[in-house]
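Dear colleague,

I am handing over the structure below, together with some notes on what was found in it. Please read the notes with the structure open beside them.

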Amino acid sequence: MKTKIIISALIMMCIIPVKAQEVNVSADVVSQYIWRGLECGSASLQPTLGLDYKGFSIGAWGSVGLVDASDTKELDLTAAYTIGGLNLGITDYWFNSPEERYFLYDAHKTSHVFEANIGYDFGPVAIQWYTNFAGNDGVNKDGDRAYSSYAELSVPFKLASVDWSAAVGAVPFATTSYGTNGFAVTNVSLQATKDIKVTDTFSIPVFAQIAANPSTQKAYLVFGLTLQP
C-alpha cells in the first residue's frame, strides 16, 4: 500500500506543471505532543512537506522529540482528495516501535498503521471519521483486530482577532490503540492561533491549546509555533 502511494506521489509531482502546484513546507515546535487526547511525547519538532493540486494532496509529516531521546519518532505519509466540503484520505503512520525498520511490512511485525478517513466541512462545523484498516492496529476485548476508529466534531470561530477551534472527539469501540473498553470521549479541546508580526513581510503563527481526555481523566496545556518560508 505505502509503495503505491509513494509511486503515485512521484508520478503526480512529475506530470503536474510546477506553477500549478501549491507546496507547503513548514515545521511546528510544540511544548508537548498531544494527539486525539493521547500523550505521544514531550517537546517535539514536527516538520511538514506537502503538495496540493486541484483538490488532490500528498504530504509527509513527522515528529521527533527535542528533550527526551526515548520519545517515539514518527513519519506519516498521506494522500487525500477534497471536493467541496467533502474530504477523503489515506494515511500511512510509521513509528520506530515496536520495529525500527521502516520497510518491514510483515503483518505481525510492522510498525506501520494504515488509516482511512472521511469527513465533511459544513462551514460552521466539521466532522471527521477515521478507521485503521491494516498494519499494527490494536485489538478489541476478544483479542481480534479492533479496526480502531475515532470521530471528531470541530467548530472554528474568530474572537478578538484570534482564530479559535473547539473540538470533541470520541472512540466508538473498544481498542488497545486508544486504551478504551468501549465508547469513550477521549478529546475535548480548545485552541487559539494568532500571527505574531516580526517584520512587515514576516510573521510567526503561534498557538495554545487546552485539552482534556475524560476517558483517562487527564488534561493538558500545549503551546506551539509554526515556522514557514
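**Strand pairing and a surface patch**

Strand 10 and strand 11, the latter covering residues 162–171, pair in the antiparallel sense over 9 bridges. Please bear in mind that this is a predicted model. Within this pairing, Phe157 has Trp164 of strand 11 as its bridge partner, and the two strands form a hairpin with 2 residues between them, where Ala160 in the turn has a positive phi of about 55°. Strand 10 (residues 149–159) also pairs with strand 9 (residues 126–135), again in the antiparallel sense, over 6 bridges, and here Ala151 of strand 10 is the bridge partner of Trp129.

On the surface there is a nonpolar patch formed by Val155, Phe157, Leu159, Leu190, Ile210 and Leu221, which together have about 530 Å² of accessible area. Strand 10 gives the most to this patch, with 3 residues, while Ile210 is found in strand 13 (residues 203–213). As a general point, side chains in a regular strand alternate between the two faces of the sheet.

**Thr180**

Thr180 is placed in the loop between strand 11 and strand 12 (184–197). Is Thr180 buried or exposed? Its relative accessible area is 6%, and because buried means under 20%, Thr180 counts as buried. Leaving aside neighbours within four places in sequence, Thr180 is in contact with Val171, Phe173, Ala174, Thr175, Thr186 and Ser215. As for Phe173, its backbone oxygen lies 3.2 Å from a polar atom of the Thr180 side chain.

With best regards

Key
Residues are numbered from 1 along each chain as its sequence is written. This is a predicted model: local features need pLDDT of at least 70, side-chain atom pairs count only at pLDDT 80 or more; totals for chains, interfaces and linings use all residues. Side-chain values use heavy atoms; hydrogens and water are left out. Two strands pair if DSSP finds at least two bridges between them. Helices (H or I, at least four residues) and strands (E, at least two) are DSSP runs, numbered from the N terminus. Patches are made of residues with over 30% relative accessible area and no salt bridge: like charges are joined within 9 Å, nonpolar side chains (Val, Leu, Ile, Met, Phe, Trp, Tyr) within 5 Å. Accessible areas come from the Shrake-Rupley method with a 1.4 Å probe; for residues, only the protein chains shown count as cover. A salt bridge is a side-chain nitrogen of Lys or Arg within 4 Å of a carboxyl oxygen of Asp or Glu. Buried means under 20% relative accessible area, exposed over 50%, partly exposed in between (1.4 Å probe, protein chains only). Contact means heavy atoms within 4.5 Å. A polar contact is a pair of N or O atoms within 3.5 Å; within protein, one must be able to donate a hydrogen and the other to accept it, and residues adjacent in sequence count only if both atoms are side-chain atoms.
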